[in-house]
Each structure stands twice: as C-alpha cells, then as structure tokens.
Amino acid sequence: MSETTVASFSLEELQLATRNRGMPLEALRYDLTPTGLHYLLVHFDIPYTDPATWQLRIGGNVERPQTLSLDDVLALPSRTEAVTLECAGNGRAQMSPRAFSQPWLNEAIGTAEWTGTSLDHVLRAAGVRDDTVEVVFTGADHGVQGDVEHDYARSLPLRETAREEVLVAWAMNGRPLEPQHGAPLRLLVPGWYGMTSVKWLTQIDAVTTPFDGFQQTGTYRFRTDEDDPGEPVSRMRVRALMVPPGFPDFPHRRRVLPAGTTTVRGRAWSGTAPVVSVEVAVDGEWQQAEVAPAPSRYAWAEWRWSWEATPGEHVLACRATDADGHTQPDQAAWNVEGMANNRVQQVPVTVR
C-alpha cells in the first residue's frame with residue numbers, strides 16, 4: 001500500500017483510532033516526548049485505580065511471596081531511564097491487505113524518562129526459584145479478545161527480567177504516571193515493543209512452563225496465514241522517522257516548502273543494537289545524515305541532513321542501520337496482524 005493509497009476503514013477501526021493516539025511527527029523535535037504527545041494504546045478500558053489501596057502481588061514459583069503497597073514500592077531503590085517505546089502495530093495501516101485492528105500509520109512512538117525500581121530487585125526479594133523459565137505480568141485492564149475473557153497479561157523469559165534497566169515504573173517525565181499510561185504502576189521493558197510493558201500492574205508470577213495466555217500466544221505473532229502459529233514479536237526493529245519538512249496543507253497534510261537550504265531532521269532507534277547510520281534520499285538518491293549520540297542505550301538518536309531544496313515535486317525518504325547490520329527495508333514482510341512494519345518512510349514534498 002503506498003503512502004497515498006485510499007483505504008476504507010470500518011466504524012470499529014475509527015472507534016479504536018479515536019480512543020488511542022499517535023505522536024504527531026513534528027514532536028520528533030523533542031529529545032523527550034511531552035507526556036501529552038506520547039503515543040497511547042489501551043486494549044480494553046482504562047481501569048479506575050486508587051493508589052491508597054493499590055497492591056502489587058509477587059508469587060508463583062518463589063520462596064517468599066510478597067504483597068506490596070504503592071508506598072512499599074516507592075520506598076525501593078529507584079532509577080530513571082530514557083526509553084523509546086513503539087507499538088508493535090506501528091505501520092499496520094500501510095500493509096496490504098491490512099489487518100483489522102488499530103490503524104496506525106507511523107506515529108505510534110514516543111520517548112520518555114521513566115522512573116521506577118529495577119524489576120530484578122523485586123524478584124530477588126521474592127526469591128525466584130532456579131527452575132523458573134518465565135515471569136508473567138498481569139494488569140488490571142480486563143476484557144475479551146479472540147473470544148477469551150482475560151486480564152491483559154504478558155510474560156518475559158527469566159533472562160530478560162535480570163536486566164537492571166527493566167523497571168517497575170511509577171513516574172513518567174518526572175511526574176506520577178497518568179491513568180492512561182498505567183498509573184499507579186507499570187512494567188517498562190526497554191528495547192521491546194510496547195505490548196510487553198504491561199500497564200496497571202497488579203501481579204507478577206514466576207512460572208516453570210511457558211505462559212500460554214491470549215496476549216502471549218493468540219496475538220503479537222509473525223504469522224504468514226491464519227493457521228500459522230508464528231514467531232513471537234519481541235524487540236523493536238531498526239527504524240528512522242523524519243520530521244515532515246516545511247508546512248502542511250489541510251486536510252491532506254501534503255508538505256509545502258520554500259526553495260533553498262533546509263535542515264531535514266528526525267530520530268532513529270533499534271531494540272537490538274545501537275543505531276550507527278542514517279541515510280536520507282531525495283527522489284531515490286541516498287546520502288549520509290549526521291547522527292548524534294543517543295541519550296541512553298534504549299532511547300532514540302537524533303539525526304540531521306542539509307538539503308538544497310529546488311522547486312518541484314520531490315519524495316524524501318530516510319532509513320537507519322544498527323550495529324548488528326540491520327537496515328530498514330523498502331517494504332517490510334507482510335504478516336497477518338501487521339506487526340513491526342519498519343518500512344522506509346517516504347514524505348512527498350512540494351518545493352516552491
């Protein structure tokens with residue numbers, strides 16, 4: 001599906017699009033995304049929570065089950081991490097045929113400073129037993145998906161929970177979590193797509209067999225057809241996005257730019273390895289951009305490129321490469337759910 005292809009969306013998809021929101025791409029100018037501009041996806045309802053009575057239970061295959069109040073968690077050693085989060089469905093609406101779900105274009109992204117305590121600290125206090133294979137995280141949001149009624153829950157392999165930057169988080173950008181972002185507590189897993197960072201966290205369970213809950217096995221899979229069990233979605237694929245240059249028309253948002261020297265800028269990230277290169281193309285001719293150091297391992301890096309814009313119709317594009325040699329494709333491989341579409345961004349521009 002091209003950037004300008006006209007697609008029909010259902011009322012149900014429109015309903016999802018009005019409940020959830022993307023980050024306007026002009027907000028790529030910010031090192032840290034203001035909380036009100038950060039992307040948001042809520043599967044079911046935003047649960048009403050009372051911090052005074054909130055409890056986080058740690059159980060399952062542990063030596064010392066725990067029940068912690070919010071004050072108990074806030075008293076634990078804290079750390080702050082700048083982390084880029086991207087929805088696994090980002091770019092779904094640009095795949096064809098399109099999966100029926102939240103119709104993301106490019107905007108399901110954001111970077112914030114998250115404050116909390118290391119998950120590893122919490123698990124060590126509970127004494128996770130040696131035969132544990134995964135840790136399951138359950139949130140307070142409850143609903144039906146795939147004809148299964150459930151609380152939203154996801155698991156992580158035990159080795160991932162030992163990373164010190166994986167947080168039980170209570171603050172975002174220096175303020176307590178807002179209701180839509182998981183207040184009062186959420187999981188924060190740097191490097192992984194956002195579905196892993198369970199919001200409204202109520203329960204942590206160590207388990208000795210792989211978790212088979214719906215959000216783990218029934219969705220967030222790379223499937224080639226409806227009968228394919230698929231491989232699980234995990235870490236974010238390498239990606240660059242640009243701030244659309246110039247100014248937009250309304251309602252189509254096609255970009256208009258005066259002729260002359262302009263700085264094309266944006267951000268790039270990868271969940272598997274640091275970004276080492278960003279290229280920018282004008283009408284298919286690629287050139288290297290300048291990439292600044294990222295503020296932290298799991299936060300996006302800023303890039304810039306100077307363009308002598310000449311009058312006419314042009315198409316700008318950008319692509320990133322990470323230290324593991326992964327480069328964005330012109331077209332991502334199609335999958336049933338429209339997951340992890342990191343195709344090269346293209347922005348048509350009229351230069352006057």
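Guide: Let's start with burial. In this predicted model, buried residues make up 54% of the 352 residues in the protein chain.

Visitor: What makes a residue count as buried here?

Guide: The cut-off is under 20% relative accessible area. Residues on that side of the line make up the 54%.

Visitor: What share of the contacts links residues 24 or more positions apart?

Guide: Take the contacts with a separation of 6 or more: 73% of them are between residues 24 or more positions apart. A contact here needs heavy atoms within 4.5 Å. As for secondary structure, the chain has 5 helices and 22 strands.

Visitor: What makes strand 7 "mostly covered"?

Guide: Count its residues, 167-172: 6 of 6 are buried.

Visitor: How do you know which strands pair with strand 7?

Guide: Pairing takes at least two bridges. Strand 4 (residues 109-118) has 5 bridges to strand 7, strand 9 (residues 186-188) has 3, and strand 8 (residues 175-176) has 2. Each count meets the cut-off, so strand 4, strand 9 and strand 8 are partners of strand 7. The pairing is antiparallel with strand 4, with strand 9 and with strand 8.

Visitor: Which residues face each other there?

Guide: Thr115 stands opposite Ala171, Val168 has Leu187 as its bridge partner, and Met172 is across from Arg175. In the hairpin of strands 7 and 8, with 2 residues between the strands, Asn173 takes a positive phi near 55°.

Visitor: Why do strand 14 and strand 18 count as edges?

Guide: Look at the open sheet first: 6 strands in the order 14-15-22-21-17-18, with mixed pairing. Strand 14 (247-248) and strand 18 (285-288) each have a single partner strand, so one side of each is left without a neighbour in the sheet.

Visitor: What joins strand 17 to strand 21?

Guide: Between strand 17 (residues 275-282) and strand 21 (residues 312-322) there are 7 bridges, and the strands run antiparallel. Val278 has Ala320 in strand 21 as its bridge partner.

How values were computed:
Residues numbered from 1 in each chain as written. Predicted model: local features only at pLDDT ≥ 70, side-chain atom pairs only at ≥ 80, totals over all residues. Heavy atoms only, no water. Helix = DSSP H or I, 4+ residues; strand = E, 2+ residues; numbered from the N terminus. Buried < 20%, exposed > 50% of the residue type's maximum accessible area, 1.4 Å probe, protein only.
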